[in-house]
Every structure is written in structure tokens, then in C-alpha cells.
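Subject: Structure for your review

Dear colleague,

Please find below the structure that I am handing over to you. My findings follow it, arranged by topic.

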Amino acid sequence: LLLDKHADYIAAYGSKKDDYEYALSEYLRMSGIYWGLTVMDLMGQLHRMNKDEIIEFVRSCQHECGGISASLGHDPHLLYTLSAVQILTLYDSVSVLDIDRVVEYVKSLQQDDGSFTGDKWDTQAYGSSCLCGKLEEINLNKAVEFVLSCMNFDGGFGCRPGSESHAGQIYCCTGFLSITGNLHQVNADLLGWWLCERQLPSGGLNGRPEKLPDVCYSWWVLASLKIIGRIHWIDKSKLRTFILACQDEETGGFADRPGDMVDPFHTLFGVAGLSLLGDEQIKAVNPVLCMPEDVLQRIGLRPEIAS
Amino acid sequence: MAESEEEVDVLVQRVVKDINNAFKKNPNIDEIGLIPCPEARYNRSPIVLVENKLGMESWCVKFLLPFVHNKLLLYRQRKQWLDREALIDITCTLLLLNPDFTTAWNVRKELAQCGVLNPERDLYLGKLVLTKFPKSPETWIHRRWVLQQVLRQCRPRAAEQKEPGEVELGGAQGSPPNERLRRVLRDEMKVCAEAAGRYPSNYNAWSHRIWVLQNLAKGNLKILYDELSSMKLWVSTHVSDHSGFHYRQFLMKALVAELSRAADASCGPSQDLHRSHWPNGDGVGPAAAEESRTASVPELFGKELELCTDLIETYPGHETLWCHRRHVFFLWYHWRKEQSQDVGRQPSLLNHTDETLSGSLGASAGRNVQAMDVDLALEESKQTSYTQDSKRLKRGPLQLRPGLPSEHSFVTKILSGCRSPEQGRFAAAYRKWLDSVIVAADTRSGSVKIKANMNKRISKRKTKVETLLP
């Protein structure tokens, strides 16, 4: 495990980007920053990032409606509102935002059926509200109803009622049910079975049957298993081997699978996955919110984890 | 090749214009792509239009994208005004290069809402984008927004009266079939199919396809049947495509629900369940009803499992096919369970012209659910003669209907004959699944059974179990 190399990679990321690549990925900049900061914090290297600059950037991305955009001039969106709140929580600076407006924005996106516009990652809304400590402002019952309507025969969740089960979606839904105290509604054995069938002979995890393994699924699948209390159903050592093989020894960082190009997204989930597997060189990560446990302890947040 | 800012400006404006002109010149462009071309040729436009294909030479992209990107953001921040034509051209260029740039789609939403942009143009733009970026989530998301606008336009009265998603395609309650909606639906199916072909197991394309049926063709039996039959060849040639097979599972589930609903809606023993009585039919009379459309639920499942068997035997070692089997068998098993639990009600899918039949079904309906798997074959032999059609469509030789014993013998057969280790693995997993999930679900010990199987699996690997198993 080449933690120093990964820290160097993230610290330097973005400084070499040319105009074209920067413009291409700007639409998700806020999430990109969240990935970078979180993995640095997990590696104990958060101090290497430019705290003031980032906080100012986040603050200036809050719109009048309360929502936060991925970058300056972009439209606000639920996804980036969550990332923004997560970033500020890492820095213990959530107060730079107008929190009430954030909550109003999130509330305004809830639809009659309980889901939130912003499409598939609806459940992120709960992440935002929960971090702001205002979970009760949302229509929880309707939202729970909607999420449960996305549960499939195999115990998994899709993005809409009737959609195919997908590990990423499962992660969002189990996280949501955890935050709202509804984990008991999950069929843990059935879902656990589906999740552990994601493990391939290489040790890596995929997101759906017959797909290739991908390091980010080491997170989505593993965290889901942890949340529902079935993480021991995975072969941990084989998974660890796979994740480590996704490192790039020259550049630092993790790729989706061994030999591919690295990026901050997969770097975060590789490191977070290793943390869940018990690597002591990395800080403990919270499986529900994908943030360091000590940060959540600081704000007194303890989402339910089944045992 | 250092370019001054003015030069870049001029170049980019020209390129944006060239793209716009290309669309004006050829409204039938059906594909976009990048042409690998590291250097500009003197004074030649990087936009290349050949037949119906629009290409962009790669050298210009690194200038083009940042320029139009920043221009749009300046507009969004109210630092620079852009008129509607410019907005349309710029967002079009941007989205052809970077379709997940949500803000650009949002600008087009606003233009559509003002009435200056026909939403169907975005269906066309999206279709083009998907030829190069078949997964692009924001493209699919915007597409659904556009379709909701189209739905509202097509059925303004319906949208007020009914709940969203219940607009029907045609023939409902005497109103004339909606030609525009039909066309849109056909196009959507095509767009989804193309995108599915461009990227294996394209989750976004297939889940969009499901959304379209759920919202534009709710409960339309004809379409559900058509989709099921047209997808048969596709899945047979894409046996790893889990999303494609999931689509079939969705169709099966929807068909069963509709057939059961239609059957329940009819009352009395002399009702023939022809399609003219089905509220969501296309108004086609009984004479035109084809055999496939009036197939009974058991036949539907029988055919699907047969397809699954063929593919499993022909293409050993595909997890997708075994997952499909699980899903289909699960649907079948639970449908049968529900049927036999309807003790007090009229049996649904019966042609009551056969008197003895109703008697036998009445008897079986009262039987214990647990006995079902043992007696299944016998019971089903009685059912083969009851379809919704007249007797001339009655099947000849008996088809063994699926049940737990037949599934277990299928697994045994595969295991004894297979040479692929993966096939063996999947077959064994299927058998365990039958035991743990299907059977155990009938009893309270369901979850204990799953856990027990898991324990066996874990201890086999000799891994250290970190926590105590309950």
C-alpha cells in the first residue's frame, strides 16, 4: 500500500490540468473536491490541501435558492449540495453556508411520490439533510415508501421502481434506510447474498452480474454489506489483493482495475475500501456517509449499522 | 502552434457556425464522432459532413470546448448576453462534446419552456449524443424531462384528470389513438436499442426503456407482447447482457400483472377474454387477435423458461442466463402461489366452456400450497387445455409446466453433462438458491436457511470469520 504516493497524487491533482480537461470535468468539480479531501483526510493528509481557498469556493457556489452548484456559474444540484456539505463538515465550517436555505432547497426537490428530482441519486438528499442536522424537515415517510418501492425480488434496489438492482443504487438506499432508522426493512440475508455474489475469482467486486470488477464497487458493495451486517460474507483477503493491484506505483492513485489510468474517484474508493477491510494505516471510514468516523463523531452522527 | 486569443475566438465562432450549418444542410444526420486528426489543415473546417455522419477533427476540440463552455457560463452568470439562436447553437455544440454538462441541458429546458425551442429537437440532439456517449446519464435524464413535456402537450386534459404516468397511447375510452405519442414511443424504443447495442449491459439505456413503457404505454398489452417477442433475438445474441434480460423480466412481470388485472375485470363464466375487452388494447377486434397475444400466463412462463434453457445449454457459463432463470422462476412460483390462494374467488384465466375444468381447478385451488410442487405436473396437465382462445388453439402434446422438481432435474442434468467449471458453479448456485430462497421463503426458517448456506460457503474457504454468526 503506497499511501505516500497516493497523497502526492491527490495533492498535485488539478494543478496540471489543461483547459480542455478542466472544462470537461467542471460539471462535477464539487464532488471531485469532496473525493480528494476525503481520501486525504483518511490518509491523515488533509492539511496539505488549501482549506481557505476551498471553503471560499464552496461558499461562492451557493445560489439564492439555497442549492449549491458543482462550480461557479453552474446550476445548483442536489448531488453537489451534498458534496458541499460534506466538504464543509470535514473542515468543520458548515456555518459558511446559509443552512436554512440549503434545507429549503432540498425540501423543494421532494416530489409527491417521495423521491427527489436530481434523478437516481435521490437518497443523497438525506445525506445532506442529515449532515445539516435537519432530517426532520423532509417528508420522511413518503421518502422511505419510495425507496422501499425500489426494492427488487433479489433484495437489491434499482434507481426507480421496476429497475434492475445495481450496487451503487443499493449503497444509496441502504445508506438512506440506515440514516432514517429503517434498516430493519431490508432483507439482509437476501441482499447480502446478492452482494457477495459480486465477488469474482480475481477477488474484485463488480456492480451487477457478468460485469467486470471495479475498485469503486469495493466501496459500494463492501459498505452496503457493512451497513447490513454481512461484511464477513466476502473474502476479505482476496478483495484486498485486488484493490492493491489497482494502485499505480509510478503516478500514485488507484484505477478502476489493474493497469488502467488512475483518477481521484477510484483513489478514494480504493482507500476507503481498504479502511473498511481493516487496514490500520488508514483512518476508520463511516460506511454510510463515506467520511472519516472521527469527523462524524465530532458532530455526533451515528447512523445505524446492523451487526 | 500558438494561437492568439482573437484567432481562437474567430476560429471557434466559425466552427460553431459550421456545425449549425451542417444540421441545416442535412436534417438527417444520424451519428456524430471525432476524427483523429492532430493538426489543422490550412483553412479547412474541422467539421466534416459525409452522408449522414457528422465528424469533428480532434485538433479543434481542445480550443472549442473551453471556449463555448466559458461562454455559456458567462451567460449563466449574467455577465454576457446571448440571444436565443446563439444559446441554441452553443449548447448544441457543448452537449455534442460534453453531454454530462447538466447546466447546458438546463438552458435548453428553459428555452423549451419559453416556447422558443421545440422539445423534440432535444430528442434528436440526445439521440445524436448517444451515438457517441451511449451511457451519458444527463442525456437520459434530460430525455425523460422532454418526454414529460411531450406527454403534457399530447394529453393536456388527461394530464389534469389522471395521475402522471397513466396517459394511454390509444383506444382508451373512445378517444382517437395518439399518432404523435405512438411515433415518439417507437423512436424511444429505437434509441434505447441502439444505445444498448453500443455499450454492453447499458443500465441507463435499459432503465430508460422501462421508464418509457411505464409512462407512455402503461398497461398496453400489445406493446408489452411486441417488445417481448422483438427482444427475443436480441437477448439470444447478447447472452451476457444482464440489463437486456432484466428488461424481459420487467416485461414478464408487467404482462402477468396486466393479464391478471384483465382477467379479474371480466366477470361471469361466459366472458371470452379477447383483447377487445381489455381496457388497454388497441381496439383491434377478436378476429385479428393473434395467438401470442392471448397466450395464458402459464404459456408465457413456459416459453420464457424454454428460451432460458436453450440459451443455458447453448452458451454454458453465463451468469446472466442463470440470473434470468432465477427471476423468471421466482415470478412463476409466486404467481402460482397467488393463484392457488385465491380460494374464494373465481379462477381467473379459465375458459369456462369446459365445465369439468372449473371443477378441477376449484379442487386444486383449495389445496395446500406446500403440496404444489409435488402435484404440479399433474395439475398443469389439466391446465394445458384452458387458454383464453377457442378450442382450435388448444395445444397438442402436454407441456411439462415448471416447478421445483423440474428445476432440480434441470440442474442435475446440467451438472452431469457440463464441462465448463463456471457452468457448474452457476448451476450449483442456482440449486442452493432454489433451496434457500424459494423453498425457505415459504417457511419461517427462510433466513436461517440462507445463513446456513452462507456458513457452509464461508467455512469451505477457510477464511477467518470475524464476527459470530447468529
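In what follows, a residue is called buried when its relative accessible area is under 20%. Please keep in mind throughout that this is a predicted model.

For B:Cys308, the nearest cysteine sulfur is that of B:Cys323, 9.8 Å away, and for B:Cys323 the nearest is in turn that of B:Cys308. A disulfide requires the two sulfur atoms to lie within 2.5 Å, and B:Cys323 is accordingly in no disulfide.

Confidence

The model scores ipTM 0.95 and pTM 0.85. For chain B the mean pLDDT is 78, and 69% of the residues of this chain reach 70 or more. Two stretches call for caution. Residues 159-168 of chain B have a pLDDT below 50, and in the model this stretch makes 16 contacts beyond near neighbours in sequence. The pLDDT is also below 50 over residues 462-470 of chain B, a stretch with nine contacts beyond near neighbours in sequence. Where pLDDT is low, the predicted coordinates should not be read in detail.

The sheet in chain B

Chain B contains an open sheet of three strands, in the order E1-E3-E2 and with mixed pairing. Strands E1 (31-35) and E2 (47-50) of chain B stand at the edges; each has a single partner strand, so one side of each is left without a neighbour in the sheet. Neighbouring strands are turned against each other by 25° on average, direction ignored.

How do the strands pair? E1(B) and E3(B), the latter covering residues 53-57, pair in the parallel sense over five bridges. In this pairing B:Leu34 has B:Met56 as its bridge partner, while B:Ile35 has B:Glu57. E2(B) and E3(B) run antiparallel and are joined by four bridges; B:Leu49, for instance, has B:Leu54 as its bridge partner in E3(B). E2(B) and E3(B) also form a hairpin with two residues between them, and B:Glu51 in the turn has a positive phi of about 50°. Four of the five residues of E3(B) are buried, so this strand is largely enclosed by the rest of the structure.

A helix in chain B

Helix H9 of chain B comprises 14 residues, 203-216. From its first C-alpha to its last H9(B) reaches 20 Å, close to the 20 Å expected at 1.5 Å a residue. Because 13 of its 14 residues are buried, H9(B) is largely enclosed by the rest of the structure.

Two loop residues

B:Phe101 lies in the loop between helices H3 (84-97) and H4 (102-114) of chain B, and is buried, with a relative accessible area of 0%. Leaving aside residues up to four places away in sequence, B:Phe101 touches residues of both chains, among them A:Tyr27, A:His74, B:His69 and B:Leu94.

In chain A, A:His166 is found in the loop between helices H8 (140-149) and H9 (167-179). A:His166 counts as buried at 15% relative accessibility. With the residues up to four places away in sequence again left out, its contacts include A:Phe157, A:Trp194, A:Tyr217 and, from chain B, B:Tyr203.

With kind regards

Key. Residues are numbered from 1 along each chain as its sequence is written. Chains are lettered from A and ligands numbered from 1 in the order in which they are written. This is a predicted model: local features need pLDDT of at least 70, side-chain atom pairs count only at pLDDT 80 or more; totals for chains, interfaces and linings use all residues. Side-chain values use heavy atoms; hydrogens and water are left out. The expected span of a helix is 1.5 Å times one less than its number of residues. Buried means under 20% relative accessible area, exposed over 50%, partly exposed in between (1.4 Å probe, protein chains only). pLDDT is the predictor's confidence in each residue, from 0 to 100. Contact means heavy atoms within 4.5 Å. Two strands pair if DSSP finds at least two bridges between them. Axes are lines fitted to C-alpha atoms, for helices over the stretch in contact, and angles run from 0 to 180 degrees between N-to-C directions.
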